[in-house]
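Reader: I'd like to learn how to read the features of a model like this one. Please take me through it bit by bit.

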Amino acid sequence: MAVYDMDDALSTARSRHTATSTTPKQPTNPTTDSTSRYDRPIAAAQEDGLPIIDISSFLDPNSSTSDRQTTAQAINAACVNYGFFYLTGHGIPTAKLDEIIDLARRFFALPLDRKNQIKRFDAGGPEGGDSARGYQGLGENVTGGLQDMQEAIDLYRPWNGVEEEGDGGPGTRKTLQGPNLWPDEPAELRGVYEAYIKQVTEVGRALVRAMGAALNLGPAQPNAQRDAEDEDVFARHCDESFWVMRMINYPPLPPSAQSAHADAQQQDPNQFSCGAHTDYGCVTLLLADPTPGALQVQLKDGTWLPADPVPGAFVVNVGDMIERWTNGLWKSTMHRVIHRGDGGVHGIGGGGRVSVPFFFEPNFDALVKPLGKCVAESGTPRIHEGSTYGEHLLTKVFSNFYYSKRTDW
């Protein structure tokens, strides 16, 4: 979704790496105490895929302290070694997840003129756009300075602040201050998605509570100030999460973008479904169709690991704000999408890959800066002096779209 550093992302996206296709099969909640996975994390990922973590103990108020501790330890180990993991035990039925994907696929199958009825427009323009919300056609989204081969709808938490007039005068908007643009077709999409947003938001809240516990920040204190550095520090800064959700369709890359090498998975194309990037918020809960081989995660040795979907599970990764909060103890990991359409469930016959990532983010006005305990444990100077999430988000929104010209933030 986001560009971490444009030059670095572009360099990484064009470099040569190797990847090994795997299917996750390791036990749930692997920790440094319960498995040998983290004695050799890169080899384990290449052999067995990313770790699988059950979050149910942080959703069940009656769960035991030991169960929560096991989950927290697993999260810490996964974040230190990968920045990515699969999340199960979230309580959202697989049938509901399948419906979310199906509705998105039905929207993207519509003719372009009907999809463009909710087109994203730049802030300050006469169309009333806010530079962020709405439908984007192929090539409009940019990562690392390159146009992505994807189409999408972007939705955000409704703006609840003062709506300011855009630089185009009456009737124009500033960035992010417009309403979400929901499609009329499929007719049931909006209602189903709004109910889903409530469900996945609760999963995000449980996850950031578990992440606070994973850092051993100490028990939450009653009536603590927002900036108190206890295990609820993330939860307090995300209690009005300025969430983002995308519906994305990745058509297969054209033949001109594909490598002629016999093992194409080891070769970078000259065009990407989504270029190498890190996510710029808190945590991402990715729901995707069963297409294999498309999402690739960069391991610490620089190689790319396919993160193929696990039925009923989210693919989770930490974003730039978590890296900042932890002073780099947990790093926001580079990942990319290369959908060649050359095999697997929806890839056969030129089908697109559909995904619906939900970005559980800090509050818009949350001040994000390194936590003192994490600075001490990292043994390095603070990596950032701190800024609000909203400031960070606005700079990224402006750089995300190929046709954006305005700067009225």
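**Loops, helices and contacts**

Author: Let's start with P186, whose place is in the loop between β6 (151-156) and α6. Helices (H or I, at least four residues) and strands (E, at least two) are DSSP runs, numbered from the N terminus. The model is predicted, so local features need pLDDT of at least 70 and side-chain atom pairs count only at pLDDT 80 or more, while totals for chains, interfaces and linings use all residues. Residues are numbered from 1 along each chain as its sequence is written, and side-chain values use heavy atoms, with hydrogens and water left out.

Reader: What kind of peptide bond joins E185 and P186?

Author: A cis one, with omega at about -10°.

Reader: Which elements does the chain have, and how much of it is buried?

Author: Its secondary structure comes to ten helices and 16 strands. Buried means under 20% relative accessible area, exposed over 50%, and partly exposed in between (1.4 Å probe, protein chains only). Of the 409 residues in the chain, 57% are buried.

Reader: And how do I read contacts along the sequence?

Author: Contact means heavy atoms within 4.5 Å. Take the contacts between residues at least 6 apart in sequence: 76% of them join residues at least 24 apart.

Reader: Now helix pairs. At what angle do α4 and α6 cross?

Author: General idea before the case: axes are lines fitted to C-alpha atoms, for helices over the stretch in contact, and angles run from 0 to 180 degrees between N-to-C directions. Helix α4 (residues 94-108) and helix α6 (residues 189-214) have axes that come within 11 Å and cross at roughly 140°. That makes α4 oblique to α6. For the cut-offs, under 35 degrees is roughly parallel, over 145 roughly antiparallel, 65 to 115 roughly perpendicular, and the rest oblique.

Reader: Is that crossing left-handed or right-handed?

Author: α4 passes α6 in a left-handed crossing. Left-handed applies if the near helix is turned anticlockwise from the far one by less than a right angle, right-handed if clockwise.

Reader: Which residues of α4 and α6 meet?

Author: On α4 they are K96, L97, E99, I100, L103, A104 and F107, and on α6 L189, V192, Y193, Y196 and Q199. By class, this contact has nine nonpolar, one polar and two charged residues. Here Ala, Val, Leu, Ile, Met, Phe, Trp, Tyr, Cys and Pro count as nonpolar, Asp, Glu, Lys and Arg as charged, and the others, Gly among them, as polar.

Reader: How do α3 and α6 cross?

Author: The axes of helix α3 (residues 65-81) and α6 come within 8 Å and cross at roughly 80°. That makes α3 roughly perpendicular to α6. A72, I75 and N76 in α3 meet L207, A210, M211, A213 and A214 in α6, and by class the contact has seven nonpolar, one polar and no charged residues.

Reader: On to side chains. What does R120 make a polar contact with?

Author: A polar contact is a pair of N or O atoms within 3.5 Å; within protein, one must be able to donate a hydrogen and the other to accept it, and residues adjacent in sequence count only if both atoms are side-chain atoms. The side chain of R120 makes one with the side chain of E140, at 2.7 Å. R120 is in the loop between α5 (112-115) and β3 (134-136), and at 3% relative accessibility it counts as buried.

Reader: Which backbone oxygen does T172 reach?

Author: That of G169, at 2.6 Å from the side chain of T172. A polar atom of that side chain also lies 3.4 Å from the backbone nitrogen of G168. T172 is in the loop between β6 and α6, and at 8% relative accessibility it counts as buried. T172 and G128 are 44 residues apart in sequence, yet 4.9 Å apart in space, C-alpha to C-alpha.

Reader: And what about T333?

Author: T333 lies in the loop between α8 (320-325) and β13 (335-337), and its side chain reaches the backbone oxygen of Y82 at 2.6 Å. At 10% relative accessibility, T333 counts as buried. Leaving aside neighbours within four places in sequence, its contacts include G83, F84, H277 and V318.
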